[in-house]
Amino acid sequence: MSDIDIRTEGRAGRITLTRPKALNALSYDMCIALEKAIDRWRNDPDVALVIIDAEGPKAFCAGGDIAEMYRTGMDGNFDFGRKFWRDEYRMNAKLAEYPKPVVSFLQGFTMGGGVGVGCHGSHRIVGDSSQIAMPECGIGLIPDVGGTYLLSRAPGRLGEYIGLTASRMGPGDAVYTGFADFYAPEDSWDTIKATLIETGDAATIRNMAQATPESPLAATQPQIDALFSGESFGDIRNLLDNSTGEVAEKALKAINRNSPLSMALTIEMLHRLRAPSLTIRKALELEYRVSHRVMEHGDFLEGIRAAIIDKDKSPKWQFADGDVPAIAISKMLMPLGRDSLDFREDGMKIGFIGLGNMGGPMAANLVKAGHTVTGYDVAGVTIDGASSASTAAEAATGADVVITMLPNGGILRSVADDVIPAMKPGAVLLDCSTVDVESARDVAAQAAKAGVGALDAPVSGGVGGASGGTLTFMVGGSQAAFETAKPLFDIMGQKAVHCGEAGNGQAAKICNNMILGVTMIATCEAFALADKLGLSREAMFDVVSTSSGYSWSMNAYCPAPGVGPKSPADNGYLPGFAAELMLKDLRLSQQAAEAADADTPMGEAATALYSQFVENEDGLGRDFSAMLPRFETKSRG
Ligand code: NAD
């Protein structure tokens, strides 16, 4: 996106606001892009810290982009604004709680939404041009984006003063009030950034920062504390009205411009929040109670009209005489119930194609987790809570992620031909079927050409793992696509291993299953031999499961009935994992071995044996562990 530049450099995740002509005002899309970036870097070992800065000398970020909120709000549509605020506040909380250092460089204006981006990180750097302010009461809002959190922690009554008067804080004031941490002359910022990029060590900032300039606010704090310690906005205003001196007069002049309702709310909120148990989430939740209602019942639309649209600077505030009744404050601050800010992210839009034994329960788990799923299966299968499409392309249209769970590579290729052209740019095609490496790589290349991400992510864990949400995913494809799909892996499975480039997930899967096929045969052979040598099956299990012959086939999926944990052997060898599916996977392994010129004699022998079992004997439709009763009927000749 051209308004924000997100990249990694050296050890740093870098976010640069690149809208200097609009004083880097924060749009909804910038907000979401920023959130996605820090989500991505949270567990990325290559990213040691995050640097947030902005282009142009005038502003780090002069506020939120409120024009669209005004337009939609004037049409009676309050949902756009509410969604903007909800998602923005969630991003603010993430920045404040981020587990890695977040370093911000705050030149020029940092106001409103800009404070939410720049003033919640762990290392906030100001310079000589810095001007930080929370001017929301001037547009009929309240100091939000976590502003009440910072204001309520400022020394004495400076929070009330800054919130009500929208005073601009220079570097000394910003550090004194807790909106910033370090002062460094702006001509040294490039060197600081370069050091951070190279070392990934935020502790180096302390050595590069300089002594903080004087804080004028600190000098006037005794007067401010005396003037702003009233119980309510009315008390504060009365006192200012009846006081003389420069501080009182300047404050009164500023306050007379602002919305009385907003200022009364600000005082009430700061008083409520000023407690040892204060967290940023508590502050944001309280702020959201106001912002959810402010277009409908507050002064926000009138404030924007006067300041930005008509620019007449004469807003017609409610309670213009400054007498705000307590009931008006309570109404705005009442809990929101179901509409409360819960910091949850909206579900993804998912197309799910192939709703068979595995795909059906996987899709059901995604629905349960709150995602919007549209399913499609040629057999007409439907899933409770998911909508049904009449074609694969329809299921893929508009989806963030399209998941396929199909029988084989040929079918995957034909489904990919249908869905990729229907997918939106940047969406991810997530194939969880077991298919050949070549099909996986071809589909990934086809997706890349269309500007769509692709992952091959075959699974282990069977039908039980699919319904229990405990599958293991072996994933090939780009890191970015992997990060997009990660929340879905967390729902459908217990582990997702990123194995590298496209096709590597399938490579891991067929290697794993080649081992599984070979070890199952070896385990069954050994049981049959032990029988003939007069060893009890119980003794055989007890020894091997705790000796060097142990394996998943013996310990977790024992092919002998009545021995070890419950397995398909205890259920007449009903699959479980059907012998023909094992044959399919073994054939895929041999196809790949041939293509890669790898010598796999055991895999070859296992393939031949399962093919004999499934195609010439009674293996079809039985579990793959039914090799044991097969060996029981055989003798050496
Ligand atoms: P399944 O046969 O039960 O499901 C496949 C589904 O795909 C069916 O419902 C079928 O109607 C549908 N389908 C076929 N062609 C289609 C098309 N063109 N468009 C839309 N839908 C189509 O198979 P499954 O057991 O769910 O296995 C799916 C995949 O998972 C396979 O690749 C399999 O190897 C792999 N797998 C299965 C298990 C297991 O234990 N079953 C374990 C691991 C991996």
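## A tour from the cavity to the cores

Start by selecting L412, L429, D431, A440, V443, A444, A454, L455, D456 and A502, the residues that line the largest cavity in this predicted model. The space inside that cavity comes to about 70 Å³. Searching the whole structure for cavities of 30 Å³ or more turns up one.

Now colour your selection by residue class. What does the lining of the largest cavity have by class? Eight of its residues are nonpolar and two are charged, with no polar residues.

Next, show the cartoon for strand 14 (428-431), helix 20 (437-449) and strand 15 (453-456): each of these elements supplies at least two residues of the cavity lining.

Time to zoom out and colour by domain. The domain assignment gives domain 1 (4-339), domain 2 (349-502) and domain 3 (509-632).

From here, head for the largest nonpolar core, which has 95 residues. Select F179, F228 and F300, the residues with the most contacts inside this core.

Leaving aside residues up to four places away in sequence, F228 touches R157, E160, Y161, L164, T165, I236, L240, A251 and I255.

Technical notes. Residues are numbered from 1 along each chain as its sequence is written. This is a predicted model: local features need pLDDT of at least 70, side-chain atom pairs count only at pLDDT 80 or more; totals for chains, interfaces and linings use all residues. Side-chain values use heavy atoms; hydrogens and water are left out. On a 1 Å grid over the protein atoms alone, a cavity is a set of points where a 1.4 Å probe fits but cannot get out, and a pocket is an open set with protein on both sides within 12 Å along at least five of seven lines; lining residues have an atom within 4 Å of a point. Grid points are joined across faces, edges and corners, and a volume is the space filled by probe spheres set on the points. Helices (H or I, at least four residues) and strands (E, at least two) are DSSP runs, numbered from the N terminus. Ala, Val, Leu, Ile, Met, Phe, Trp, Tyr, Cys and Pro count as nonpolar, Asp, Glu, Lys and Arg as charged, and the others, Gly among them, as polar. A nonpolar core is a set of buried Ala, Val, Leu, Ile, Met, Phe, Trp, Tyr and Cys residues joined through side-chain atoms within 4.5 Å. Buried means under 20% relative accessible area, exposed over 50%, partly exposed in between (1.4 Å probe, protein chains only). Contact means heavy atoms within 4.5 Å. Domain bounds come from an automatic or database domain assignment.
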